[in-house]
Amino acid sequence: MTDHPIPCVVFFQSSGGDEPVRSWLKELDREDRKVIGEDIKLVEFRWPLGMPFVRKLEDDLWEVQ
């Protein structure tokens, strides 16, 4: 059991409701999406991680690198 909660992964959403990163991901080929998905899964299940995997932006906001 871990002392750190598993982070909730969400995509940036503009004020108009668009999710540009999710849209960009959907345009990639299957192999590239799989690689990026594995990176996100690494962050979720091996938390806490720091650079070079994630970068802290605010108290509860991190960016997957």
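## Ground rules

Buried means under 20% relative accessible area, exposed means over 50%, and partly exposed is what falls in between (1.4 Å probe, protein chains only). Tryptophan 62, for instance, comes out at 35% relative accessibility, so it counts as partly exposed.

This is a predicted model, where local features need pLDDT of at least 70, side-chain atom pairs count only at pLDDT 80 or more, and totals for chains, interfaces and linings use all residues. Residues are numbered from 1 along each chain as its sequence is written, and side-chain values use heavy atoms, with hydrogens and water left out.

## How confident is the model?

The score to look at is pLDDT, the predictor's confidence in each residue, from 0 to 100. The chain averages 87, and 95% of the residues score at least 70.

## The helices

Helix H2 covers residues 30–45, which makes 16 residues. From first C-alpha to last, H2 reaches 22 Å, close to the 22 Å expected at 1.5 Å a residue (the expected span is 1.5 Å times one less than the number of residues). At the start of H2, a side-chain oxygen of aspartate 29 comes to within 3.2 Å of the backbone nitrogen of glutamate 31.

Over in helix H1 sits serine 23, partly exposed at 40% relative accessibility. Serine 23 is 38 residues from leucine 61 in sequence and 21 Å from it in space, C-alpha to C-alpha.

## Salt bridges

You'll find three salt bridges in the structure, each one a side-chain nitrogen of Lys or Arg within 4 Å of a carboxyl oxygen of Asp or Glu. Arginine 55 and glutamate 63 meet at 2.6 Å, N to O; arginine 55 is partly exposed at 37%, and glutamate 63 is partly exposed at 30%. Glutamate 19 pairs with arginine 22, with the closest N and O atoms 2.8 Å apart. Here glutamate 19 is partly exposed at 22%, and arginine 22 is partly exposed at 32%.

Glutamate 38 and lysine 41 make another salt bridge, with 3.5 Å between the closest N and O atoms. Both belong to helix H2 and are three residues apart, so about one helical turn separates them. In general, an α-helix has 3.6 residues a turn, so residues three or four places apart point the same way. Glutamate 38 is partly exposed at 39%, and lysine 41 is partly exposed at 40%.

## Tryptophans and cis prolines

There's one aromatic pair. Rings of Phe, Tyr and Trp (its six-membered ring) pair if their centres lie within 6.5 Å; planes under 30 degrees apart count as stacked, over 60 as edge-to-face and the rest as tilted. Tryptophan 47 and tryptophan 62 pair edge-to-face, at 5.1 Å centre to centre and 85 degrees between the planes. Tryptophan 47 lies in the loop between H2 and strand S1 (54–58) and tryptophan 62 in strand S2 (residues 61–64), so the pair ties together parts that are 15 residues apart in sequence. Tryptophan 47 counts as buried, at 19%.

Tryptophan 47 is also joined to proline 48 by a cis peptide bond, with omega about 5 degrees. Another cis peptide bond links methionine 51 to proline 52, with omega about 10 degrees. Proline 48 is in the loop between H2 and S1, and proline 52 lies in the loop between H2 and S1 too.

Technical notes
Helices (H or I, at least four residues) and strands (E, at least two) are DSSP runs, numbered from the N terminus. A polar contact is a pair of N or O atoms within 3.5 Å; within protein, one must be able to donate a hydrogen and the other to accept it, and residues adjacent in sequence count only if both atoms are side-chain atoms.
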